[in-house]
Amino acid sequence: MGLAQTQEVLAKLYTNTEFRERFFANPETVAAELGLSCDEAQKFAQLSAQEVNIFANSLKWKRLGEVRELLPRTARALGKNFTALFWRYAQTHLPKGIKKHREDAIAFANFITRVAQAENVAPPWIDDLVRYEKTWLLANEPSSRLNVSWFRYPIGIASLDAMNPKPTIAIWFRLSERSQLRHIVRSL
């Protein structure tokens with residue numbers, strides 16, 4: 001087994017809960033599915049399930065911290081539900097690439113929106129707030145020149161406690177890729 005394949009199997013063990021559970025329940029079968037030899041399977045089977053789980057959880061906590069920094073108002077508004085929703089989301093999504101924290105936060109925002117609508121997650125304006133912060137992340141790309149979004153609530157106000165329905169428009173724009181991102185929020 002080459003280094004790349006070893007790293008691929010370890011990455012899957014550390015990031016995919018279902019795979020990890022299947023592997024430690026029956027390492028030979030899962031190893032055979034991956035095309036590993038018996039010797040290779042035995043080497044992976046010698047890994048401590050407890051230590052792998054601890055390391056996997058530390059990776060998820062780190063991801064949660066990064067996403068919380070990128071969606072601060074959503075995290076504050078959801079409180080403990082933010083963490084609970086992130087654990088559900090992290091079971092099915094693994095970010096990749098050089099901007100993986102940003103991509104992770106955007107994908108998590110999409111997840112929150114879907115779950116909030118399907119499960120009536122409180123507060124009622126959470127969908128607007130998540131879309132607002134997600135649009136901030138999208139607008140921060142230097143190639144993004146103009147983003148316009150409508151909201152049902154005044155998401156730009158300083159106090160989340162004072163949210164009452166009020167049509168609001170938010171505009172993000174920059175004059176060139178090198179110019180500073182500008183932002184306007186107006187409630188009607």
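1. Contact here means heavy atoms within 4.5 Å. Among contacts in the chain between residues at least 6 apart in sequence, 54% join residues at least 24 apart.

2. This is a predicted model, in which local features need pLDDT of at least 70, side-chain atom pairs count only at pLDDT 80 or more, and totals for chains, interfaces and linings use all residues. Residues are numbered from 1 along each chain as its sequence is written, and side-chain values use heavy atoms, with hydrogens and water left out.

3. Nine helices and three strands make up the secondary structure of the chain; these are DSSP runs numbered from the N terminus (helices H or I, at least four residues; strands E, at least two). The order from the N terminus is α-α-α-α-α-α-α-α-α-β-β-β.

4. The C-alpha trace spans about 70 × 40 × 20 Å along its principal axes.

5. The axes of helix H2 (residues 17-25) and helix H5 (residues 49-70) come within 11 Å and cross at roughly 175°. That makes H2 roughly antiparallel to H5 (angles over 145 degrees, between N-to-C directions on a scale from 0 to 180 degrees). Thr 17, Arg 20 and Phe 24 in H2 meet residues of H5 including Val 52 and Lys 60.

6. Helix H7 (residues 80-90) and helix H8 (residues 100-119) have axes that come within 10 Å and cross at roughly 105°. H7 is therefore roughly perpendicular to H8 (65 to 115 degrees).

Conventions:
Angles under 35 degrees count as roughly parallel, over 145 as roughly antiparallel, 65 to 115 as roughly perpendicular and the rest as oblique.
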